[in-house]
Amino acid sequence: MKKEMMMTFAGMALAVSVVSATPETDLLARLPGIFKDSAEHYVQLDAAARKLAGVDKKGNPTFPHGYAPEKGEIDMRSILWWTSGHTPGTMWYLYEATGDARLKDAATHWTEMLAPNAKVTTNHDVGFIMYCSYGNARRILKTDKYDALLLETADSLSKRFNPTLGLIRSWGAIDEKKNFLVIPDNMMNLELLEWASKHGDRRFDKVACSHADVTMKHHFKADGGAYHVLNYDQRPEYLSVQEIRRGQGLGPETVWSRGQSWAIYGYSMMYRETGVKAYLDFAQKVADYAINHPNMPSDGVPCWDYGAPGQERDSSAASIMAAGLIEIAGFVGGPKGAMYRAYAVRQLTSLSSPEYFAKADEAGGFLLKHGVGSHPSKSEIDHSLNYGDYYYIEALLRLQATK
């Protein structure tokens, strides 16, 4: 927005164009400082985590997952835990943003410990684990040395695909007959399959699109709100949803905010990778649900469930949503695209404020406060979570790249 101001000089009137600050220009101007501060946070985190690193009960190395303020300590988890790729992924992003070689070294250290996940077939999270870490390493370093590992991971993930249902099983053993559990989080792991389809075998695209299509058909209410856990009857004569489970939400029919954010991000990503317009249309529908929900707080950081107004916020749900909205905005363009972008700026401005952005020594080196892992399990309530940081930095980089 520009305002014309009239100034006089030597008896003559001069029109001076003054650029008025907007929330986006303010945030963009702050990005170098935010990236620098974030890099220092993660250098601190790297040093602390290396001292804490050990092995879990099964002998697997441990990783920095988050920060528990009530204990005053970094939460270390197994390399097989679903978030293990987010810490090195954030380090890769911060190296990309700042060129700080310390972050490159740290990212390499933690990334290359994750290789055993390429063979894992017991969960759907290997896309998170390997693509956020090795995928970013590949892109930023412009190397193909990790390609074989990523293709092996895609093959492992695809073994969880049930061609009769057309879905990738999220939880449970591959051959379990009684239950077939699917969660919206699984949409995020399809990005690995889409990459693999372009660098290896096109069958991975068919698996990814089938999962996205069937999820879009069954996993959402008419208004665009997401269920968390669906249990499918996989018998050929049924092939239908037999049960809706609460999962990490308040109840089976309420909308868990991070699950909604996974859907916003996931369908935008699927449009980017495939060009299928139905995915972009659906990404807008699930985004509109969140933006327009009467229980969405004015700062754009949702409570942990849209059915739990006034309860704990989940900063990770906001960062994931913001990253998705910036991408949707670029695809949609026009006034609606501008609306999505402005909303993401609102969220990122909130997350970059002292209310959510931790001081260097406040959260063990992690960036965002006030995340919620699993409220029903009384787990990680009001914690710092590495995936919240990952999508926060990703969203800021996306904003900067499309200014």
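A crossing of two helices is left-handed if the near helix is turned anticlockwise from the far one by less than a right angle. The exercises below concern a predicted model.

**Exercise 1.** Determine how the axes of H8 and H9 are oriented relative to each other, and state the handedness of the crossing.

*Solution.* Step 1: helix H8 covers residues 257–274 and helix H9 covers residues 277–291; their axes come within 8 Å and cross at roughly 160°. Step 2: angles over 145 degrees count as roughly antiparallel. Step 3: H8 and H9 are therefore roughly antiparallel to each other. Step 4: the crossing in which H8 passes H9 is left-handed.

**Exercise 2.** Identify residues through which H8 meets H9, and classify the contact.

*Solution.* Step 1: on the H8 side, the contact residues include Ile264, Tyr267 and Tyr271. Step 2: on the H9 side, they include Leu280, Phe282 and Val286. Step 3: the contact of H8 with H9 comprises 13 nonpolar residues, 3 polar and 1 charged.

**Exercise 3.** Describe the largest nonpolar core and the surroundings of Tyr391.

*Solution.* Step 1: the largest nonpolar core has 111 residues, and Tyr391 and Tyr392 have the most contacts inside it. Step 2: leaving aside residues up to four places away in sequence, Tyr391 touches, among others, Phe128, Met188, Trp262 and Ile320. Step 3: another core, of 8 residues, lies apart from the largest one and includes Leu165 and Val214.

**Exercise 4.** Is Thr90 buried or exposed, and which residues does Thr90 touch?

*Solution.* Step 1: Thr90 is found in helix H2, residues 86–98. Step 2: buried means under 20% relative accessible area. Step 3: Thr90 has a relative accessible area of 0%, and is therefore buried. Step 4: beyond residues up to four places away in sequence, Thr90 touches Tyr42, Asn386, Asp389, Tyr390 and Ile393.

Terms used:
Residues are numbered from 1 along each chain as its sequence is written. This is a predicted model: local features need pLDDT of at least 70, side-chain atom pairs count only at pLDDT 80 or more; totals for chains, interfaces and linings use all residues. Side-chain values use heavy atoms; hydrogens and water are left out. Axes are lines fitted to C-alpha atoms, for helices over the stretch in contact, and angles run from 0 to 180 degrees between N-to-C directions. Helices (H or I, at least four residues) and strands (E, at least two) are DSSP runs, numbered from the N terminus. Angles under 35 degrees count as roughly parallel, over 145 as roughly antiparallel, 65 to 115 as roughly perpendicular and the rest as oblique. Contact means heavy atoms within 4.5 Å. Ala, Val, Leu, Ile, Met, Phe, Trp, Tyr, Cys and Pro count as nonpolar, Asp, Glu, Lys and Arg as charged, and the others, Gly among them, as polar. A nonpolar core is a set of buried Ala, Val, Leu, Ile, Met, Phe, Trp, Tyr and Cys residues joined through side-chain atoms within 4.5 Å. Buried means under 20% relative accessible area, exposed over 50%, partly exposed in between (1.4 Å probe, protein chains only).
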